[in-house]
Amino acid sequence: MRPLTARISSAALAHNLAVARKCAGSAKLISVIKANAYGHGLEFAAQALAQTDAYAVLTLDDAARLRTHGITKSILLLEGPFDAEDAANIAGLDLMTVVHTRQQLDWLARNSKPVPVFLKFNSGMNRLGFPLQEFESVLAAARNNPGVGDITFMTHFATADEALGVDWQWQRFKQQVRQAQFPLSAANSAAILRYPETHADWVRPGIMLYGSSPFVELSAAQLDLKPAMTLESAIIAVQDIKPGAGVGYGLNFMADTAMRVGIVACGYADGYPRHAPTGTPVLVNGHKTRTLGRVSMDMLAVDLSGLPWTGIGSPVVLWGAGLPVDEVARAAGTISYELLCALAPRVRVVRQ
Ligand SMILES: *Cc1c(COP(=O)(O)O)cnc(C)c1O
């Protein structure tokens, strides 16, 4: 059996949710499990996060799967309906929905049953949301809409994980919405951890639930977060190479001394980033070493020089327990979100 396995820990997910709960104080938690729960498995994550107050997904398919799985808690559809048929299904599945356009309000108006709506305002990210200047007319339209039930005001932060922070958006948002006395939702993981003033009524943790830090300068361990996914494999071949020899496609890595090179059963077709350069951290037998040369479709090479006790069969951790996914992501010039979401369907997953 090919040794590549992604281990998903229910205990880690539950622990990270408890951390979010503690940070969030009296705010209710909407656990964000879009993108197959950031690669961890939709239904499994929903179950592991059973202490949440609500879930958020992107697609109606995911919401339907959760309902089929017996999830009766509130589910928020993060981008709302994409057409009138979606709007009908939102009511049919008893969902809460984001609404960020007038067209979505029109679709919902055709429903006979009102659904809870998160009216989304653009406070500066300029991605989704009504312009804040239209606040009063949007609110009036929503209140007169038979398809709209309880209203929450929502916005999303562009720089909660960066030095710029959230105040520039939070103040704008609050200025507009505060007189209306409806519940508010703004905080993602970074704002949950760093900006308690934005917690309001509903927080929306995503990445922190999976045990990754939203901040470059703070590790997941420093935030008391535990990795929910460990991607592990093994050495399947060893090459002893001479000075001047190269490794892998393009001979992209050239040895200047004699080296021992291990070949790991994991490649970019498994979701490991192809652009990870030589030097990306990897654990072999619990020892941190580095990748060598280009990542292939099904394999990658690691430096076993100075690790004479390693060989064929030695366990390898690509990320997770003992090697934070954030470190690997940084070395590869990306973020943990992308690595976790990109886990390929062909990887065997063990959920426990
Ligand atoms: C994905 C998402 C989140 C979660 O963000 P994290 O950075 O993963 O915590 C929160 N809110 C919205 C609207 C999202 O799309």
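A residue is near a molecule if one of its heavy atoms lies within 4 Å of it. The model is predicted: local features require pLDDT of at least 70 and side-chain atom pairs pLDDT 80 or more, whereas totals for chains, interfaces and linings use all residues. Residues are numbered from 1 along each chain as its sequence is written, and side-chain values use heavy atoms, without hydrogens and water.

**Ligand site**

Select the ligand first. It is surrounded by 13 residues, the closest being Lys34, Tyr38, Ser189, Ile207 and Tyr337. Next, display the polar contacts (pairs of N or O atoms within 3.5 Å). A ligand oxygen lies 2.7 Å from a side-chain N or O atom of Tyr337. Of the 390 Å² of accessible area (Shrake-Rupley method, 1.4 Å probe) that the ligand has on its own, the protein covers 91%.

**Helix α5**

Asp86, Ala87, Ile90 and Ala91 are buried, that is, under 20% relative accessible area, with exposed meaning over 50% and partly exposed in between (1.4 Å probe, protein chains only). These residues lie on the same side of α5, because they cover an arc of only 145° around the axis (taken from the directions from the helix axis to the C-beta atoms). On the other side, Glu85 and Gly92 are exposed.

At the start of α5, a side-chain oxygen of Asp83 comes within 3.3 Å of the backbone nitrogen of Glu85. Just after the helix, Asp94 has a positive phi of about 60°.

Note on methods:
Polar contact = N/O pair within 3.5 Å; in protein donor to acceptor, adjacent residues only side chain to side chain. Helix = DSSP H or I, 4+ residues; strand = E, 2+ residues; numbered from the N terminus.
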